Amino acid sequence: MAVNRVPVLKRCRALGLEPMYLGIDKKSKRQLTRANKKMSEYGLQLREKQKAKFIYGVLEKPFRNYYKKADQMKGMTGENLMILLETRLDNVIFRMTFARTRREARQIVDHKHVTVNGRVINIPSYLVKAGDVIEIKEKCKASQRYKDILDATNGRLVPAWLDVDQENLKGTVKELPMREAIDVPVDEMLIVELYSK
């Protein structure tokens with residue numbers, strides 16, 4: 001399986017992205033200095049796509065599949081794409097503050113620590129639906145790892161579309177998120193323009 005091994009802060013700097021969107025508290029001291037080059041329209045569109053892929057940890061082929069699926073859904077393609085990315089299981093675990101970063105959330109799902117409606121799911125790209133109950137498995141709840149994670153993510157806000165019980169490491173998807181509730185700095189219209197060429 002392909003894995004992105006690019007240093008996170010370096011990639012954030014290249015994309016002009018704050019590391020806090022990935023759940024990372026560090027800040028890069030260095031500034032990206034480019035010769036006085038004006039970015040082309042294609043360059044801007046490509047950068048938005050790379051930003052979305054990097055934030056959610058999705059590679060090119062699955063990302064294109066999300067775009068095709070979003071295009072077939074009712075409503076605006078860009079908004080549908082962001083909603084599909086936001087309702088991935090690994091992202092929902094991150095949003096529920098059961099993981100410090102999306103990469104850690106992906107690992108938690110991979111290691112079969114998560115149940116959805118009582119069934120163990122180990123597919124990070126699993127799309128959750130409204131009403132789904134997501135929980136960390138009973139035997140994993142007592143581990144020191146989750147105590148450390150809850151301490152680290154204590155101040156993080158949980159989106160309004162999720163209902164979380166942090167003490168029992170359990171949460172419910174109240175409804176699917178609207179675009180306004182998704183706080184990632186991505187202009188999805190540029191991604192749509194890029195793919196519709």
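**Salt bridges, sheet and helix packing in a predicted model**

The side chains of Glu60 and Lys49 form a salt bridge with an N to O distance of 2.9 Å, where a salt bridge is a side-chain nitrogen of Lys or Arg within 4 Å of a carboxyl oxygen of Asp or Glu. The model is predicted, so local features need pLDDT of at least 70 and side-chain atom pairs count only at pLDDT 80 or more, while totals for chains, interfaces and linings use all residues. Residues are numbered from 1 along each chain as its sequence is written, and side-chain values use heavy atoms, with hydrogens and water left out.

The pair links distant parts of the chain, with Glu60 in helix 3 (residues 60-72) and Lys49 in helix 2 (residues 41-56), 11 residues apart. Helices (H or I, at least four residues) and strands (E, at least two) are DSSP runs, numbered from the N terminus. Lys49 has a relative accessible area of 9% and is therefore buried, whereas Glu60, at 23% relative accessibility, counts as partly exposed. In these terms, buried means under 20% relative accessible area, exposed means over 50%, and partly exposed lies in between (1.4 Å probe, protein chains only).

Glu60 also meets Arg64 in a salt bridge, at 3.4 Å from N to O. Because Arg64 and Glu60 are four residues apart in helix 3, about one helical turn separates them. Arg64 counts as partly exposed, at 38% relative accessibility. A network of salt bridges links Lys49, Lys53, Glu60 and Arg64. Side chains of opposite charge can pair when their charged atoms come close. The structure holds 13 salt bridges. Another of them joins Arg95 to Glu86, with the closest N and O atoms 2.5 Å apart. Both Arg95 and Glu86 are buried.

Helix packing was examined for helix 4 (residues 77-86) and helix 9 (residues 188-195), which pack at an angle of about 110° with their axes 8 Å apart. Axes are lines fitted to C-alpha atoms, for helices over the stretch in contact, and angles run from 0 to 180 degrees between N-to-C directions. Helix 4 and helix 9 are therefore roughly perpendicular to each other. Angles of 65 to 115 degrees count as roughly perpendicular, those under 35 as roughly parallel, those over 145 as roughly antiparallel, and the rest as oblique. Helix 4 makes the contact through Thr77, Gly78, Glu79, Leu81 and Met82, and helix 9 through Glu188, Ile191 and Val192; contact means heavy atoms within 4.5 Å. By class, the contact of helix 4 with helix 9 has four nonpolar, two polar and two charged residues. Ala, Val, Leu, Ile, Met, Phe, Trp, Tyr, Cys and Pro count as nonpolar, Asp, Glu, Lys and Arg as charged, and the others, Gly among them, as polar.

Ile182 is placed in the loop between strand 5 (170-173) and helix 9. With 4% relative accessibility, Ile182 counts as buried. Apart from neighbours within four places in sequence, Ile182 is in contact with Tyr56, Met82, Ile83, Glu86 and Pro177. The C-alpha atoms of Ile182 and Glu79 are separated by 9.8 Å, although these residues are 103 residues apart along the chain.

An open sheet is formed by five strands in the order 2-1-3-5-4, with antiparallel pairing. Strand 2 (119-120) and strand 4 (162-165) stand at the edges, each with a single partner strand, so one side of each is left without a neighbour in the sheet. Two strands pair if DSSP finds at least two bridges between them. Strand 1 (residues 114-116) and strand 3 run antiparallel and are joined by three bridges, with Val114 opposite Ile136 in strand 3. Strand 3 (residues 133-136) also pairs with strand 5 in the antiparallel sense over three bridges. Here Ile134 stands opposite Gly171 in strand 5, and Val133 stands opposite Thr172.

Two further loop residues were examined. Arg156 lies in the loop between helix 8 (144-152) and strand 4, and is partly exposed, with a relative accessible area of 26%. Not counting residues up to four places away in sequence, Arg156 touches Phe94, Thr97, Ala99 and Arg100. Thr101 lies in the loop between helix 5 (89-95) and helix 6 (102-110), and is buried, with a relative accessible area of 19%. Its contacts, leaving aside neighbours within four places in sequence, are Leu22, Gly23, Ile24 and Phe94.
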